[in-house]
Amino acid sequence: MRHTRTGPARRWLRGRGRPALRIRPGSDDVENAGRRVLLYGVLPFWFVPSVADWVMHRRTHIEETTGVRESAVHLLMMAEAGLPLTVGLVAKINPLVLSLMGGAALAHGATALWDVTLATREREVRPVEQHIHSFLEVLPLTAAAITLCLHWEAVRGGRGAADAWKLVPKERPLPAGYLASVAAAVGLFVALPYGEEMLRCLRARPVSSRYGPARGGDGGAGPGP
């Protein structure tokens with residue numbers, strides 16, 4: 001008997017030809033309103049505090065203080081936010097994807113705490129920057145919360161669906177134009193500025209912090225009590 005089971009790769013290729021999900025103009029039901037807020041509100045707003053945070057790093061001369069260490073943490077946080085974003089945009093929302101979103105949001109929060117702890121030791125972190133951080137921390141949780149409300153059947157375990165714990169394409173994919181716009185915005189407002197920050201930190205010579213004296217002093221002794 002011939003085996004006709006569709007492989008994962010073919011399933012993803014087939015998903016590209018399915019009718020795209022469209023939000024009807026003027027629709028005011030809760031489901032479409034939630035999608036509109038998530039796709040055209042929460043996700044685009046992520047780029048604003050990202051760029052603002054990068055500007056604050058430049059103003060406080062990150063390359064002359066925490067340098068590559070803190071910049072690497074920033075790249076890690078971008079990956080923690082970008083991975084669930086990518087999966088949520090292209091894959092069917094099921095218990096696996098929701099678990100990934102929740103785990104990534106928790107990891108992002110823990111990494112943000114590590115980032116601030118590292119930064120405040122050697123660099124001035126101004127109140128404005130702290131406030132920017134609050135937006136960056138809450139946006140992944142907000143996106144996850146709205147997604148949970150839109151896909152409550154997945155929260156309940158997928159109701160016995162065979163692909164509940166598999167990464168599969170959306171039954172109705174998002175419009176290609178929207179996905180291309182998000183990809184371009186991520187490149188322009190996230191990858192480009194934080195890539196520039198890392199390059200700037202790699203090129204800078206290690207010097208004493210402008211926010212405080214260098215640790216250890218000339219003789220290499222640790223800080224006093």
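1. The 24 residues of α6 should span 34 Å at 1.5 Å a residue, and the end C-alpha atoms are 35 Å apart, which agrees; the expected span is 1.5 Å times one less than the number of residues. Helices here are DSSP runs (H or I, at least four residues; strands are E, at least two), numbered from the N terminus.

2. This is a predicted model, in which local features need pLDDT of at least 70 and side-chain atom pairs count only at pLDDT 80 or more, while totals for chains, interfaces and linings use all residues. Residues are numbered from 1 along each chain as its sequence is written, and side-chain values use heavy atoms, with hydrogens and water left out.

3. At valine 138, α6 bends by about 25 degrees, and proline 140 follows within four residues; the bend is the angle between axes fitted to the seven residues ending at a residue and the seven starting there.

4. The buried residues of α6 include Ile132, Leu136, Leu139 and Ile146, where buried means under 20% relative accessible area, exposed over 50% and partly exposed in between (1.4 Å probe, protein chains only). The buried residues of α6 pack against α2 (30–45), α3 (47–59), α5 (95–122) and α7 (152–155).

5. Phenylalanine 135, also in helix α6 (residues 127–150), is partly exposed, with a relative accessible area of 34%.

6. As for the whole chain, it has 8 helices and 0 strands, and 40% of its 225 residues count as buried. Among contacts (heavy atoms within 4.5 Å) between residues at least 6 apart in sequence, 86% join residues at least 24 apart.
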